[in-house]
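Please examine the sequence and the three-dimensional model shown below.

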Amino acid sequence: GCTELRINRNAIYDVVDHTFIVNAYFTGISISYGSSLISGEVNNNLIYNVQPFQSLSGIRTSEFVDVSISNNTIVFDDTAASYGIVNGIFLGGAYNETKLRSNLIYITHGGNDDKYGIRVFGQNINSRLPLNISHNNIYLNSLGFGVQRPFYLTSVNWSNSSIDSLGLGEGNLEVDPLFKNSTFYDYTPTNPILNAAGSYDSFTE
């Protein structure tokens, strides 16, 4: 296992599946459990310009992870893609004080597969250990077919109000961040709605 994990201030970009292997998967940051509880933080990372894979996840965790995931920007914007299940942040299994705060997830990836902003998979929601999803902005606007769900918890399509009422978080938004210049990979959000929208000072620095 691992304690006091720190994955901060990384840029992961220009990833292409050159081999075109069937069922190839992309995960920008993956945290897997070992013999002891993993704890720490995944903060201020930028993931962008990823070409089609069979499945794409920006940040993915497995069971028993006690981690703060905050101020990350994840962009899957290949509108010409014809396939690929997309997960902005994927949590798999049980959770112990996992916190998702002030992340910006932008998905306009094409194709007919499903797209999820924050996807939580595993236990029944009523038996879940503490989980906090607050002040994130998730924008889904794919022109492809398939399900598009900003928040998908335990096989249920939750809304912002559902997250609030269940005590799982607050202040989440679903607005276009209006990036400063995505053509040149400047993902600074300029939408005034996002000013001071989170519990932190900003999204990815």
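Asparagine 43 is placed in strand S4, which covers residues 38-43. The model is a predicted one. With a relative accessibility of 13%, asparagine 43 counts as buried, because buried means under 20% relative accessible area. Leaving aside residues up to four places away in sequence, asparagine 43 touches Ile7, Asn8, Arg9, Ser68, Ile69, Ser70 and Asn72.

The protein as a whole contains one helix and 18 strands. Of its 205 residues, 51% are buried. Among contacts with a separation of 6 or more, 78% are between residues 24 or more positions apart. The accessible surface of the protein is about 9,500 Å², and carbon and sulfur atoms account for 49% of that surface.

Six of the seven residues of S6 are buried, so the strand is mostly covered. Which strands pair with S6? Strand S3, residues 25-31, pairs with S6 in the parallel sense over six bridges; in this pairing, tyrosine 25 has serine 55 of S6 as its bridge partner. Strand S9, residues 85-92, also runs parallel to S6 and is joined to S6 by six bridges. Here arginine 60 stands opposite phenylalanine 90 of S9. The charged end of arginine 60 sits over the ring of phenylalanine 90, 4.0 Å from the ring centre. Another arginine, arginine 119, lies over the face of tyrosine 116, at 4.5 Å from the ring centre.

The next topic is the interior. In soluble globular proteins, nonpolar side chains tend to be buried together. The largest nonpolar core in this model has 35 residues, of which Phe26, Ile89 and Ile118 touch the most other members. Apart from that core lies another one, of eight residues, including Tyr48, Val75, Tyr106 and Tyr139. Isoleucine 118 has contacts with Ile89, Leu100, Ile105, Ile133, Asn136, Ile138, Pro150, Phe151 and Tyr152, if residues up to four places away in sequence are not counted.

Aromatic rings can now be considered. A pair of aromatic rings is described by the distance of the centres and the angle of the planes. Seven aromatic pairs are found in a search of the whole structure. In one of them, the ring centres of phenylalanine 26 and phenylalanine 76 are 6.4 Å apart and the planes stand at 85°, so the pair is edge-to-face. Phenylalanine 26 belongs to strand S3 and phenylalanine 76 to strand S8 (residues 73-76), so the pair ties together parts that are 50 residues apart in sequence. Phenylalanine 26 and phenylalanine 76 are both buried. Ring pairs also link Tyr13, Tyr48, Tyr106, Tyr139, Phe179, Tyr185 and Tyr187 into a cluster.

Most residues other than glycine have a negative phi. Serine 102, although not a glycine, has a positive phi of about 55°. Serine 102 is in the loop between strand S10 (98-101) and strand S11 (104-107). Tyrosine 185, also not a glycine, has a positive phi of about 60°, and is found in the loop between strand S17 (179-181) and strand S18 (186-189).

Key: Residues numbered from 1 in each chain as written. Predicted model: local features only at pLDDT ≥ 70, side-chain atom pairs only at ≥ 80, totals over all residues. Heavy atoms only, no water. Buried < 20%, exposed > 50% of the residue type's maximum accessible area, 1.4 Å probe, protein only. Helix = DSSP H or I, 4+ residues; strand = E, 2+ residues; numbered from the N terminus. Pairing = 2+ DSSP bridges. Contact = heavy atoms within 4.5 Å. Areas by Shrake-Rupley, 256 points an atom, 1.4 Å probe, with all protein chains shown as cover. Core = buried A, V, L, I, M, F, W, Y, C linked by side-chain atoms within 4.5 Å. Phe/Tyr/Trp six-rings, centres within 6.5 Å; stacked < 30°, edge-to-face > 60°. Lys NZ or Arg CZ within 6 Å of the ring centre and 35° of its normal.
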